[in-house]
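Hello,

Please find the structure we talked about below.

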Amino acid sequence: MHLRNANYDLSVFNNAKHFNPERIKKRNLSFGHGIHYCIGAPLARIEGKIALEMIFLRFPKLRLAKKLKEIDIDTNNQIGMINKLPVIWDWDYNLVLFKE
């Protein structure tokens with residue numbers, strides 16, 4: 001099985017071939033399954049959550065520069081990656097970026 005197809009099950013995920021960050025959570029194979037389940041999965045989820053929270057705390061006006069449907073996703077690699085993620089950041093000079 002190709003890794004890119006792991007969560008491409010139309011009986012489980014409606015419109016599976018389209019990226020939708022608001023999709024209702026369902027069981028997926030991102031970190032494997034059964035005895036092959038990734039031992040670092042909980043750590044990866046926590047790190048991802050913390051990283052995103054920190055980015056949006058530090059840059060509260062950060063937003064996508066394109067509509068979600070227009071984001072270029074590379075489907076030629078094994079896992080399907082975003083090639084570019086253009087963002088807009090409305091700079092606020094009163095915002096303290098590196099607060100100690």
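The notes start with the whole chain and then go to single residues.

This is a predicted model, in which local features need pLDDT of at least 70 and side-chain atom pairs count only at pLDDT 80 or more, while totals for chains, interfaces and linings use all residues. Residues are numbered from 1 along each chain as its sequence is written, and side-chain values use heavy atoms, with hydrogens and water left out.

Helices (H or I, at least four residues) and strands (E, at least two) are DSSP runs, numbered from the N terminus. The chain has 100 residues, of which 8% count as buried. Buried means under 20% relative accessible area, exposed means over 50%, and partly exposed is in between (1.4 Å probe, protein chains only). The accessible surface comes to about 9100 Å², and 59% of this belongs to carbon and sulfur atoms. These areas come from the Shrake-Rupley method with a 1.4 Å probe; for residues, only the protein chains shown count as cover. Among contacts (heavy atoms within 4.5 Å) with a separation of 6 or more, 37% are between residues 24 or more positions apart.

There is one salt bridge, meaning a side-chain nitrogen of Lys or Arg within 4 Å of a carboxyl oxygen of Asp or Glu. Lys49 and Glu53 form this bridge, and their closest N and O atoms are 2.6 Å apart. Both sit in helix α1 (residues 41-58), and because they are four residues apart, about one helical turn separates them. Lys49 is exposed at 53%, whereas Glu53 is partly exposed at 38%.

The search of the whole structure also gave one aromatic pair. The pair is Phe59 with Trp89, edge-to-face, with 4.8 Å between the centres and 85° between the planes. Phe59 lies in the loop between α1 and β1 (62-64) and Trp89 in strand β4 (residues 87-89), so the pair links parts of the chain 30 residues apart. Rings of Phe, Tyr and Trp (its six-membered ring) pair if their centres lie within 6.5 Å; planes under 30 degrees apart are stacked, over 60 edge-to-face, and the rest tilted. Phe59 is partly exposed at 23% relative accessible area, and so is Trp89 at 33%.

Last, Phe19, Leu64, Leu68, Ile73, Ile82, Leu85 and Val87 make a nonpolar surface patch of about 580 Å². Patches take residues with over 30% relative accessible area and no salt bridge, joining like charges within 9 Å and nonpolar side chains (Val, Leu, Ile, Met, Phe, Trp, Tyr) within 5 Å. Ile73 is in strand β2 (residues 73-74) and is partly exposed at 32%.

Regards
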